[in-house]
Amino acid sequence: MLLINRIRDFDKLSETEIKISEYILAHPNEVISLSIQQLAQRTFTSTATITRYCKKMQTDGFTDFKVRLTRELSTSPRGQRVRDDLPFDKNESTNQILESILNLNYQSMQDTYNSIDQQQLNRVARAIHQSPHIYLYGTGQSLILCQDFQYKLFRIEKDCNLESAVGFQFMKTHTQPKDSLAIVISYYGTSINNLRIMTSLKDRNVPIVLITGPNDNPLVPLANEVIHVAPQEELMTKMASFSSRTAIQLVLDMIYALVFSFDYEMNQTRIEDSSIIR
């Protein structure tokens, strides 16, 4: 989970910690230049309280807290974080709304790039490259992302299977070859259908790559590789899958680029051939 989202998670904080969070959220760019004594004075707390607060935010101390906050603020062109779930307010102008969506996508991509494990992406890309069959699983927005990834793999002549109906996806797990690779996309990882699909694949010893959100969920223990994307969207309050969609799309594009690079010249020829109008 991003630091900024831990700061906003008031439900897990005491009254004193909420006051500290409120000050940081109201003055994020000021806080990164303050000393621990100055922040304690401004929040009417003590340096010991600030230190405990930073530990609760899962940082090593106030200095580490400021470094991480600075990094996250830097992902927005304005130095001000855009909310993942509600990126603009009710009375904003057309220009403000459009700029917020632009900045949110930029922020999401930068957050994702900063948090990815490049060696892991390379392993996953190698697994796709070496596997004779790829099977994709996803529903809703994730299904659309699967379809786009399937199309890309088709263009470089990779065998890639995807069922659009959830019931058919589960049945497909019973016939998926053991030398194939399964890729499951689920941001929240709480769907009972995805749990059934991954349990079936696990029982058949089919290797699974899971692309999911920042939190642990019931699907994580079933996967051989788990790629977490950074944005933290709240299921109950978000107006659309803005940042999560952008983050997962970026990860898939990166993986595809790596797969493409392994047979660069051959894949370039395949792309050119598939683009010829006959």
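On a 1 Å grid over the protein atoms alone, a cavity is a set of points where a 1.4 Å probe fits but cannot get out. This structure holds 1 cavity of 30 Å³ or more, where a volume is the space filled by probe spheres set on the points, joined across faces, edges and corners.

Before you start clicking, note that this is a predicted model, in which local features need pLDDT of at least 70, side-chain atom pairs count only at pLDDT 80 or more, and totals for chains, interfaces and linings use all residues. Residues are numbered from 1 along each chain as its sequence is written, and side-chain values use heavy atoms, with hydrogens and water left out.

**Stop one: the cavity**

Select Tyr135, Leu136, Tyr137, Asn161, Leu162, Glu163, Gln169 and Lys172, which line the largest cavity; lining residues have an atom within 4 Å of a point. The volume of this cavity is about 30 Å³. Now colour strand S1 (134-137), strand S2 (160-162) and helix H10 (166-172), the elements that each give two or more residues to the lining. Helices (H or I, at least four residues) and strands (E, at least two) are DSSP runs, numbered from the N terminus. S1 provides the largest share, 3 residues.

**Stop two: two helices**

Next, select H7 (residues 94-115) and H12 (residues 242-262), which pack at an angle of about 50 degrees with their axes 9 Å apart. Axes are lines fitted to C-alpha atoms, for helices over the stretch in contact, and angles run from 0 to 180 degrees between N-to-C directions. Show the side chains in the contact (heavy atoms within 4.5 Å): among them are Ile101 and Leu104 of H7, and Phe242 and Leu250 of H12.

Technical notes
1 Å grid on protein atoms, 1.4 Å probe; cavity = no way out; pocket = protein on both sides within 12 Å on 5 of 7 lines; lining within 4 Å.
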